[in-house]
Amino acid sequence: MKNEKQDSSPAVPIMDAEAIRRALRRIAHEIIERNPQLAQVVLAGIPSRGVEIAKRIADFIRGIEKIDIDTGIIDVAMHRDDVGTRPELPVVRASKLPVPLEERTVIIVDDVLYTGRTARAAMDAINSFGRPAQIQLAALIDRGHRELPIRADYVGKNLPTAANEKVRVRIGSINEPDGVWLIKE
Amino acid sequence: MSTRWSRKDLLGLRELSAEEINFILETTDAFKQVGTREIKKVPALRGKTLVNFFVEPSTRTRTSFELAAFRLSADVINISATTSSLTKGETLKDTARNLEALHADILVLRHSSAGAPQFLGNRLKASVINAGDGAHEHPTQALLDLYTIREKRGKIAGLHVVIIGDILFSRVARSNIFGLVKLGARVTLVGPSTLVPREFEKLGVEVSHKIDNVLPNADVVNLLRIQHERQRKEYFPGIGEYTRFFGLTKERAKLLKPDCLIMHPGPINRGVEIDSEVADGLQSVILDQVTNGLAVRMAVLYLCGGIATA
Amino acid sequence: MSAIIIRNGRVIDPANRRDKLADLVIVDGRIAEKSAIRDPQSAIEEIDASGLIVAPGLIDMHVHLREPGFGHKETIESGARAAAAGGFTTIVCMPNTSPVADTPSTIAWIKERAAAAACVNVLPTGAISKNISGEELSPIGSLAQAGVVAITDDGHCIQNNELMRRAVEYARMVGVPVLDHCQDYNLVGNGVVHEGYWSTLLGLPGWPAAGEEATVMRNILLAELCDHPIHCQHVSTAGSVRLLREARGRGVKITGEVCPHHIALTDEAIQNFNTNYKMNPPLRARADVDALLEGIADGTLSILASDHAPHADFEKEVEFDAAPFGIIGLETELGLFLDLLVHKQRKIDIARLIQMYTVDPARLLKINAGTLSIGAPADVTLIDPDLEWTVKIDKFESASRNSPFDGWKLKGRAVRTIVGGKTVWKL
């Protein structure tokens, strides 16, 4: 679950811009290590912050291996299993993935992994494009509390949280510096 | 996209704001992409029931809504006037109430009476989508027309859109007029004075009865189908006369700017309102309209269907 | 001997040019002098009318009572109660019943029913043409003998000008006025709302003003040709007012009536497709409303009426095209006219308003009503001209509820209705 509102409660800084940078660089190395056929990898970001994170990871990979990795966008709004139960209808955006997907490894990229439902919806969306050889999951923050049997392959930082806490991520925003904060209720 | 959608019904473009219209068009971008996937299905309306209630018959619009619903994983039932109990004297309200008792979530209604969708929308919890009510509105047609213009020309504001044909009895014309004027286009209506009375100028458009004067500075030409049923015979003398004065013939098409779009809601009367070669020519975007119609209807069903159940 | 004294009211009796504070005496059901009360000890009913207007019982000459045949919409009994609640002591009912009131036996049925069940005076009209089909004359002479006060095809309109001419000539012989619902069927087509900005915007078939004016013109010519009064019902357009003004200026025997909805509302009201705004003739544009107000003020339009047209809920609660035309009006018309004509627009004073509901219709129909002359039947309406009230349709006496005025706040209404010396309704 992503948390958008500004809270008046105190925000505890978890990561600053530099910490994020190092985490993403490490993830880039891990991706390189685990995927010998690097050209088959697609970094598919979930809008909006996942897209920025995917781009940065792709930049790191290019710097290290001198290879351009395909990136894409997976909009999960129309794949959610809770349409009609949320107070606000989620805004939908166009998805973009390179086809065909057979033989490719699609790495879902998101900012926060929480219940796992977004990742499940992302896999659903990917399936409508085709049948990739592998799907992996990269998350900047894993905050626990999974409701589905989903795990991340690449994690920037494990952050144990309580259910009533919120995790705020800012990355690539014009108005605010990059960072991750924990907001207690 | 800062606007949120809050209407359970889509009755027409007259009551929508420019922001709401733009929001629908932006949402359509996402759904158009679904049509290019290998599996053209998303679960957004899974488990929801959509009823196509076409009291006035139509194959094209109904098929488009049906496909849109399938792509959103909804279940679809089709009811027409002849197969419904309306023929047995049941009122529209009772028929719709019965459908609601069967837990229909979305009702797509085409009816010959203006105001019928509003009538049902006020009385049912289900979403009501207007697929055409008399001569009043046909919002999804106008939305797909707007989407097509935006797709091909990048914008709506400032373009000169010319609508030609039987405007007086046309719901497609009215919805287009409302949408185009709200989004800042310049609109000119062209046709016989009996079918395009000057009264329309009060809606913020221009009226002309001389097609050759208007075509050279048109950015978009939208042709309406000419009907010559019994009740129209008092309005103009015949198809031949209409084509001579208002048909988009090969010769007239030469007056158009090279990037002018040619549109038609279909079905086309080849040789009447438009020459065959012009309909198939490079400037024609008639088939794009059909593709876009499907995406627009998916967007509309997603937005309204999501509200009704929330 | 029964006696009633209505004290301290402002007695407005246009027929006798009376408008002053006075007591009104009723003895044995008739207006009387005070001296007529022979026995001062006997029980005299006293009614305090301070602050009220004491008027002759009002006459509504355009009411649909729906019986025989359409009792699910209204009956003679319920319609009469509605009239009493609106301040009316005499109503004139239209012949578009089932069967149509085109034979003496149907007229007799209506009169019997009214005598048995109606608490106000009910005067029937007869059809001009058989079955109101506009093809053959109905037995107008026999209808007059049976007691109709006028002939009309209301609801419909004779299109064949020759037939209408002969009808007017025949009516002249028999001595009954002709009332006409002015509508040219060809110009109007299947129009449901005024042809203008709103019909264009909404794509609804339009009912052009010329469709009424063409027939008003026809009637003016025939009234002149046949030298016999023709009354144009529910006048609604500026053009009609202009035509009537010109003709009346030349002395043609043509009159016009106005219904309250045609000045209270405009065609803008139809934009939500609420069928309580669908009537025939339709609500018109602002300019037409202004012309009607001027026509009332300068006397071109001389009679007020409701065109009370009840319809059952299930009949009106359908798509706009399919709904029948018309709204009820008996219980709101006086309040609307007082509020709009006298208080808000100040087009006429209350004495003139009472005249338009008494002397003018009585003179046209040649009936013994609408006055407080000594010896006249004691039909009296007490009006509080300044009483502020809110229209609550669910409290109406009428059997139907099809009115757009629910919730309207009006100033002025009848507070007591007396028919033949008997109070049949009071607030």
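These questions and answers set values from a predicted model against the definitions behind them.

The model is predicted, with local features needing pLDDT of at least 70, side-chain atom pairs counting only at pLDDT 80 or more, and totals for chains, interfaces and linings using all residues. Residues are numbered from 1 along each chain as its sequence is written, chains are lettered from A in the order in which they are written, and side-chain values use heavy atoms, without hydrogens and water.

Q: Why are Arg49(A) and Asp111(A) called a salt bridge?
A: A salt bridge needs a side-chain nitrogen of Lys or Arg within 4 Å of a carboxyl oxygen of Asp or Glu. Here N and O are 2.6 Å apart, so the pair meets the rule. Arg49(A) sits in helix 2 (residues 49-65) and Asp111(A) in strand 4 (residues 105-113), so the bridge ties together parts that are 62 residues apart in sequence. Helices (H or I, at least four residues) and strands (E, at least two) are DSSP runs, numbered from the N terminus.

Q: What makes Asp111(A) buried or exposed?
A: Buried means under 20% relative accessible area, exposed over 50%, partly exposed in between (1.4 Å probe, protein chains only). Asp111(A) has 1%, so Asp111(A) is buried.

Q: Which parts of the chain does the pair of Glu165(A) and Lys184(A) link?
A: The side chains meet in a salt bridge at 3.1 Å, N to O. Glu165(A) is in the loop between strand 6 (154-158) and strand 7 (166-170), and Lys184(A) is in the segment after strand 8 (179-183), 19 residues apart. Glu165(A) is buried at 11%; Lys184(A) is partly exposed at 42%.

Q: How do you know that chain A and chain C do not touch?
A: Contact means heavy atoms within 4.5 Å. The nearest C-alpha atoms of these chains are 28 Å apart.

Q: What is the buried area between chain A and chain B?
A: Buried area is the accessible area (1.4 Å probe) that two parts lose on being put together, summed over both. Chain A and chain B bury about 1,800 Å², 63% of it on carbon and sulfur atoms. The contact takes 21 residues from chain A and 22 from chain B.

Q: How many salt bridges does the rule find across that interface?
A: Zero between chain A and chain B. Over all chains the count comes to 56.
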